[in-house]
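Hello,

Here is the structure for you to look through. Please open it first, then read the notes below.

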Amino acid sequence: MKKRIIYICENCGYQSSGHLGRCPECSSWNSIKETLLEDRKETSKSRTRAERKPIKRLQDVVATNSHRIITSINEFNRVMGGGIVKDSITILSAKPGAGKSTLLLQVANDLANKDYKVLYASGEESESQIKSRADRIIEKVNDNVWVISDNNMDNVLDNINDIDPDLIIIDSIQTFTLDEFSSSRAGSPTQTMECANALVQIAKNVDRPRAIILVGQMTKEDEIAGVRALEHLVDAVLIIEGESGEELRTLLTTKNRYGSTGEMGFFYITDKGMVSIDNPSEYFMTSREGNKIVAGNAITVVREGTRPIILEIESLVSDSFTPYPSRIGECLKREQLNTLVSIIEQRGGIKFYDKNVVIKTTGGIKLKEQASNLAVLMSIISSVKEIGISNDTVFIADVGLTGELKRVPSLESRLRELDRMGFKNAYVALNSGKGIKTNNLKIIELETLKDVIKNVFY
């Protein structure tokens, strides 16, 4: 078997036949390392017919993505597209301390309670550390959860053959190595991809399919560490987002071959682990005694993945004693906030040259779509006028630079969620609500921002 030396960039996986001080692909210095590979190329003549897979007509292939492992964690199921596909491989990444290992340990024990056998392999923590976390977040650890603390992937593969688990959790993939590629260190592109490829073969075995979840370390640039090819290899990529010190955690998918990309699930983290927020619309609104009306408050409906979520936006407008008033948007970009304030000044007739403006959302969720713009504007106007808006009123529209209201996508599903939650009035763009029937929700179609201001405050 022929051996050869190549040079691989540890950051991006670029390969070169000679050593380079700087990677021409990612421009990083001193990242290209020497790697010894064994050349396993085989000629087509050396292949036996037994190794060839039979060709099939597409219409004769049986789809297996309907065979899912369902957990009791509803938000996790939603993000996965309805559950874990039995022959899938998923990668989960997040910043340190976001709750990756905690969530997966909860998933492991939940499925073990459903008589699935789970192997939890960790290359970062000892078995006693894993048990300590389990004792803290799980009332009783099921006998079907097996654990191994080892950096050697060969040993993990042997244990998979011995235990025959239904779900395999690898925490984290960048810490494991195969003996066959001992010249490359753990975390190198060669080791990471070869370990991942070995696990793909395990997951996709036709006779014994298994679900595998990999934990992927995250870089300072908030990307999965290692080569980009790792993300292309797996079936789904999940990310946990959340600021340290805050209880809200967001689980989102950037890739899913068996579900909707962009789907999002919500959790809050406690000493007992990650708790699924099954009704986010209630979580992201403030419950006030006696349905009290507060100035600076407006409600909208945003879509996260396929789901509409009712969201409360809060504004604070105060006098500024500096030449440059503050524009602080905890939930949206400053440039967007400046644009919206300019629209109010020019199209709403309210001046903010001596006013500070601060925007935030209940629960800290980010405003990623234009459908919330009218609610942001009405929240600011409510604060500056010190007049509250009725708690049963919602605003769903984009606002152009001309002050005109713009229609938004998926309006019908948003309005139906409002109707279900008992809201009474919804302000939308002119001609955008035609044909949408609701039980108790009144759809108010207006043309401009000025029309909305007059209708609400006068």
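**The cavities, then the rest**

The lining of the second largest cavity divides into 6 nonpolar residues, 1 polar and no charged. In this count Ala, Val, Leu, Ile, Met, Phe, Trp, Tyr, Cys and Pro are nonpolar, Asp, Glu, Lys and Arg are charged, and the others, Gly among them, are polar.

A word on the source. This is a predicted model: local features need pLDDT of at least 70, side-chain atom pairs count only at pLDDT 80 or more, and totals for chains, interfaces and linings use all residues. Residues are numbered from 1 along each chain as its sequence is written, and side-chain values use heavy atoms, with hydrogens and water left out.

Back to that second largest cavity. Its volume is about 30 Å³. A cavity here is a set of points on a 1 Å grid over the protein atoms alone, where a 1.4 Å probe fits but cannot get out; lining residues have an atom within 4 Å of a point. The lining is Leu105, Ala108, Asn109, Ala134, Ile138, Val141 and Val145. Helix α2 (residues 100-113) gives the most, with 3 residues. Helices are DSSP runs (H or I, at least four residues), and strands are too (E, at least two), numbered from the N terminus.

The largest cavity has a volume of about 40 Å³. Among its lining residues are Arg68, Met80, Asn256 and Tyr258. By class, that lining has 4 nonpolar, 4 polar and 1 charged residues.

Now the whole protein. It has 11 helices and 23 strands. Of its 458 residues, 48% are buried (under 20% relative accessible area, with a 1.4 Å probe and protein chains only).

Next, the cores. A nonpolar core is a set of buried Ala, Val, Leu, Ile, Met, Phe, Trp, Tyr and Cys residues joined through side-chain atoms within 4.5 Å. The largest has 78 residues, and Met153, Ile170, Leu374, Met378 and Ile380 touch the most other members. Its largest share, 8 residues, comes from α5. A second, separate core of 31 residues includes Ile84, Ala108, Ala134 and Ile240.

How many of the 15 residues of α5 are buried? The number is 12, so α5 is mostly covered. Met193, Leu199 and Ile202 are among them. At 1.5 Å a residue, the 15 residues of α5 (residues 189-203) should span 21 Å, and the end C-alpha atoms are 21 Å apart, which agrees. The expected span is 1.5 Å times one less than the number of residues.

Best wishes

Methods:
Buried < 20%, exposed > 50% of the residue type's maximum accessible area, 1.4 Å probe, protein only. 1 Å grid on protein atoms, 1.4 Å probe; cavity = no way out; pocket = protein on both sides within 12 Å on 5 of 7 lines; lining within 4 Å. Points joined across faces, edges and corners; volume = space filled by probe spheres on them.
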